[in-house]
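Here are a few exercises to work through with the sequence and the model side by side. Try each task before reading its solution.

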Amino acid sequence: INVKKASIGNISKKDIADAQSNYERDPLSAVILGFNIKPSDEIFTLSKNVKVIVNDVIYRLIENYEQWLMLAQKEQEYKKLEGITKPCKFVILEGYVFRQNNPAVVGCEILLGTAQSGMKVMNAQGEVLSEIKALEAEKKTVHEAESGKTLAISLSKITIGRQVKEGDTLYSALNEEEFKKIKDLKDLLKSDEKQCLKEIADIMRKKNPLWGV
């Protein structure tokens, strides 16, 4: 643990201010460790961007810090996936066409990955067909839905029975740049998202063997 400052006594407002100054440079360094002390409630109120960890047992204090650091690092990594189209595979359920077009509204099951509103979708041949306008689960609009979920999806610019039929499987339409970014962060993906990413790559490489390489 790299220590910038150490002193005896309780945590002060100045300690919080000093740690706060680290936040802009590196949020993971805005941490105060307190051994065998009892900070006031005011200190915890002031420490908006500062992580305060206290314990009366020194090795537990270090363990608590290491656990927090590991989770905070993972959270930072996950933020890199924000704004990127996630890998997704879903099937249009037979007998659940609520509207054929303008937009088409159908029942579907998410087989792999995560469906998101605003996500472009393609068929199993890699042809971009539509965009998810909205997702509705249990009569509530949701921004995304993970594998195993069954819900209603509205799809723009298609007519069910023409470009897409009941029982068809669709995928999120990742562009090559998005695919490369996600591939670089694949350690953050769940197993079903990795499987979906592989299937999307297999589809696109039938048309271009070097796609995403």
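**Exercise 1: The surroundings of Ile110**

Beyond its neighbours within four places in sequence, Ile110 is in contact (heavy atoms within 4.5 Å) with Cys88, Lys89, Phe90, Ala115, Ala145, Glu146, Ser147, Gly148, Lys149 and Leu151. The model is predicted, with local features needing pLDDT of at least 70 and side-chain atom pairs pLDDT 80 or more, while totals for chains, interfaces and linings use all residues. Residues are numbered from 1 along each chain as its sequence is written, and side-chain values use heavy atoms, without hydrogens or water.

Task: find which residues have the most contacts inside the largest nonpolar core, and which element gives the largest share of this core.

Solution: 
1. Start with the term: a nonpolar core is a set of buried (under 20% relative accessible area, 1.4 Å probe, protein chains only) Ala, Val, Leu, Ile, Met, Phe, Trp, Tyr and Cys residues joined through side-chain atoms within 4.5 Å.
2. The largest such core has 21 residues, and Phe90, Ile110, Ile132 and Ile153 have the most contacts inside it.
3. Two or more residues each come from β3, β4, β6 (128–137) and β9; strands are DSSP runs of E, at least two residues, and helices are runs of H or I, at least four, numbered from the N terminus.
4. The largest share, five residues, belongs to β4.
5. Apart from this core lies another, of 16 residues, including Met122, Ile182, Met204 and Trp211.

**Exercise 2: Backbone exceptions**

Task: which peptide bond is cis, and where does Pro103 lie?

Solution: 
1. Most residues other than glycine have a negative phi, and most peptide bonds are trans.
2. The bond joining Asn102 and Pro103 is cis, with omega about -15°.
3. Pro103 is in the loop between β3 (88–99) and β4 (104–116).
4. Asn102 has a positive phi of about 55° and is exposed (over 50%) at 70%.
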